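Dear colleague,

Please find the structure below, together with a short account of what was found in it.

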Amino acid sequence: MTKKAHPLTRILTLSLATTAFVLTNTAQACTSLLYKDGNGAPYAGRTMELPMELAYQVSYFPKGTAFNSKIKNHPDLNYQSKYSFISITVPDPVDKTLKVSEGMNDQGLTFSLLAFASTKGPADTIKKTKSVLAAIDLGAWTLSQFKDVAEVKTALKKQPVLVSALLPLGLMKTPFHYTLHDAQGQSVVIEFANGKQTLIDNPIGVMTNGPEFDWHMTNLNNYTFLNNIDQSKTTFHGMQFNQPDSGIATAGLPASNTSVGRFVRATYYSQFAEKVDNPDKAMTVLAHIMNNFDRPRGITMDNRFKEEIANITAPEVAGHPLYTSEYTSWTALGDLRNLQFKIKPYSQLNYISFDLAKLAKEKHPKSIPLSQIPFNVNDVTDWFRKASAKK
């Protein structure tokens, strides 16, 4: 008789991608923001930072796609999509279903999953006969079922959501919080902290990682001096001093890549970037804004044997074998009214574009590894529709 491996042994032999995915509670630094053009039209941008690449896929789910969410001791929550959506997905460590980390539906509703190390959801006091949504499935559920933030907020008052484990034996509770934007420019944060679920309106449209969202909003009170007008001359004791070039207005911005620093900078850039008058220009401005959150490998390093466990399996920094580095795996942009979705991975400097109106012709779900998509063309919608994943 073959001796069965201990459950912990099976956990420790998970793939590299699985290890990284389940440990993103402390090894992921993401920035999400909403920029509005001169006409008030909204555009969403976000970055994804990790110390390694995951098995990212670009996935399209048309109307009528069947979805399923599982919570232990409850009936499965089964539903079909009312709206189609494009997304960046990662295979679930256990059942290999695709989990949405970023996406936009055909109504202009966007969803972003961001790391939140202090996640602590409510206890399961729900009747065992009632279907419950797993928090990790919020992306597929919101994008497939709702056209705007208001509908999501109404639905979440009725639909119970629980934070489930990513691994067997109840290990690694899904360490994320979530932000959504819609075509009217409304934003909401879904957060699980201190044993409860909270829905928080987000009037500035900015989101990073911990601490809690309300803490970040309170911290902005420390930056009331910020504005984008350079004050390049002043007088001290009757003597005039002059700043020799432009840019002094940004001197008060926090310089670090911590979630706290990025939250303040994202608020500043989304507020003060030029408000242009058409979507093409607006997407260009948004791309320039997001460049400020694009992290090259090696800019900050962590000891792979003294920091997070995920770093042990992460690639080393060239010339520094004992260290690994978080970097921007990809950046995503969304035009929420014209339904354009763009992606730029670390290996590229240009974005590829997906047109949701064209994708509406696709009647079946499709998922292609991000690494297999060509970057020698701008609009890859037609290529995506014809392509099949390489084995």
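Valine 58 has isoleucine 368 of β21 as its bridge partner. The model is predicted, so local features need pLDDT of at least 70 and side-chain atom pairs count only at pLDDT 80 or more, while totals for chains, interfaces and linings use all residues. Residues are numbered from 1 along each chain as its sequence is written, and side-chain values use heavy atoms, with hydrogens and water left out.

Strand β3 (residues 57-61) is joined to β21 by 4 bridges, and the two run antiparallel. Strands (E, at least two residues) and helices (H or I, at least four) are DSSP runs numbered from the N terminus, and two strands pair if DSSP finds at least two bridges between them.

Both strands belong to an open, antiparallel sheet of 8 strands, ordered β13-β12-β11-β8-β7-β6-β3-β21. Its edge strands, each pairing on one side only, are β13 (196-201) and β21 (366-369).

Helix α3 (residues 138-145) packs on this sheet and touches β6, β7, β8, β11 and β12; contact means heavy atoms within 4.5 Å. In α3, 8 of 8 residues are buried (under 20% relative accessible area, 1.4 Å probe, protein chains only). Among them are Trp141 and Leu143.

A further open sheet has 5 antiparallel strands in the order β1-β2-β18-β19-β20. Its edge strands are β1 (31-36) and β20 (352-355). β1 pairs with β2 (residues 42-50) over 6 bridges in the antiparallel sense, and serine 32 stands opposite arginine 46 in β2.

With kind regards

Technical notes
Axes fitted to C-alpha atoms, helices over the stretch in contact; angles between N-to-C directions. Buried < 20%, exposed > 50% of the residue type's maximum accessible area, 1.4 Å probe, protein only.
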